[in-house]
Amino acid sequence: MKMNRRTFSTALLAGAAASLISTRGMAANPTPAKARNVVLVHGLFADGSCWLEVIARLQAAGLNATFVQNPLTTLPEAVASAERVLARQDGPTVLVGHSFSGMIVTEAGVHPNVSALVYVAARAPDAGEDYTALAKTYPTPPASAGIVFDGDEGRLSEQAFLRDFAGDLPEAKAKMLYAVQQPFHKALLSGKTTHAAWRSKPSYYAVSTEDRTIDPDLERFMARRMGAQTIEVKASHLSLISHAGEIARLILEAAGQQA
C-alpha cells in the first residue's frame with residue numbers, strides 16, 4: 001500500500017502518541033475525588049508505627065486514617081491485608097505506601113474504594129515488571145549492603161538502619177524505630193504486580209533527595225513515568241517521619257482537601 005506524505009506524518013504522530021501513553025501514567029488527575037479516608041501501608045524494616053506522625057496531622061485535618069500492618073511474608077498476602085482494610089472504608093479513600101509497600105499500592109490500588117494513590121519514597125512498578133531488574137539500572141543504594149538474613153528472614157543491621165535508612169532522624173528516635181523493625185521473608189521480594197493502579201488512578205509521589213535505601217533518581221523516574229504530581233523532600237528514606245508535615249500535606253492534596 002502506498003502512503004503519501006500527509007498519511008505518513010499522521011501515522012508517525014499517532015505512533016509517537018501511543019508510545020508516550022504506554023510509558024506514562026494515564027490518570028495524573030489534578031482534581032481527584034474528595035476523600036475523607038486514608039489507608040497507609042509500611043514497607044520493609046518497619047511497622048505501622050512509622051506512620052504515627054503523619055496520622056496525627058491527618059486526624060487533625062478531619063480525615064479518617066488507618067494503617068495496615070504489612071505481614072512482610074509474600075506479596076499476595078501483603079496485598080490481601082491492604083484489601084481487607086480498604087473494604088472497610090465507607091467512601092473514597094487515598095491509599096498511601098512507603099518504600100516496598102509501593103508494590104502493594106500499585107496492586108491493591110485498583111480497589112473501587114481507592115480514589116488516589118500516594119507513593120512516599122516508594123517502589124512503583126508497572127504490571128508484571130521485574131522491579132529488581134529495574135533497580136539494577138541505577139546505582140546500588142548503600143542500605144542494600146546492610147541487609148542481613150537469619151534463614152529466610154531479612155532485616156537491616158543497626159549500623160545500616162541508623163546511617164542509611166533513618167539518617168536524618170535523631171539517634172535516639174532512630175534507635176527506637178530499629179527496635180520495632182519487623183523482619184521480612186525472602187519470598188516477599190520475588191513477587192510481581194499484576195496491575196498498575198497508577199495507570200488509572202490519580203497519583204502523587206514524594207521523592208527523598210537524600211535517600212540511601214532507594215536511589216533518588218530511580219524514584220524520580222518512577223514518578224515521571226506515572227505522570228505523578230511530585231514533590232521533592234530533602235530527607236532520608238524516612239521522610240514520613242522527618243518531614244511528616246510535608247508528607248501529610250501531599251496526602252491532603254490527594255484527598256482533595258485544603259492543606
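Predicted model: local features only at pLDDT ≥ 70, side-chain atom pairs only at ≥ 80, totals over all residues.
What is the volume of the largest pocket? Residues are numbered from 1 along each chain as its sequence is written, and side-chain values use heavy atoms, with hydrogens and water left out.

View A. The volume of the largest pocket is about 520 Å³. On a 1 Å grid over the protein atoms alone, a pocket is an open set of points with protein on both sides within 12 Å along at least five of seven lines, a cavity is a set where a 1.4 Å probe fits but cannot get out, and lining residues have an atom within 4 Å of a point; a volume is the space filled by probe spheres set on the points, which are joined across faces, edges and corners. The lining has 22 residues, of which Arg123, Tyr131, Pro141, Ser144 and Thr213 are the closest to the pocket centre. Helix H5 (131-135) and strand S5 (147-150) are the elements that give two or more residues to this lining, and H5 supplies the largest share, three residues. Helices (H or I, at least four residues) and strands (E, at least two) are DSSP runs, numbered from the N terminus. By residue class, the pocket lining divides into 14 nonpolar, five polar and three charged, where Ala, Val, Leu, Ile, Met, Phe, Trp, Tyr, Cys and Pro count as nonpolar, Asp, Glu, Lys and Arg as charged, and the others, Gly among them, as polar.

**View B. The packing of helices H6 and H7.** Helix H6 (residues 158-165) and helix H7 (residues 171-179) pack at an angle of about 125 degrees, and their axes are 10 Å apart; axes are lines fitted to C-alpha atoms, for helices over the stretch in contact, with angles from 0 to 180 degrees between N-to-C directions. H6 and H7 are therefore oblique to each other, given that angles under 35 degrees count as roughly parallel, over 145 as roughly antiparallel, 65 to 115 as roughly perpendicular and the rest as oblique. In the contact (heavy atoms within 4.5 Å), Glu158, Phe161 and Leu162 of H6 meet Ala174, Lys175, Leu177 and Tyr178 of H7, a set of five nonpolar, no polar and two charged residues.

**View C. The largest cavity.** The structure holds one cavity of 30 Å³ or more, and about 50 Å³ of space lies in the largest cavity. Its lining consists of Phe45, Ala46, Asp47, Cys50, Phe161, Phe165, Leu177, Leu238 and Ile241, which divide into eight nonpolar, no polar and one charged.
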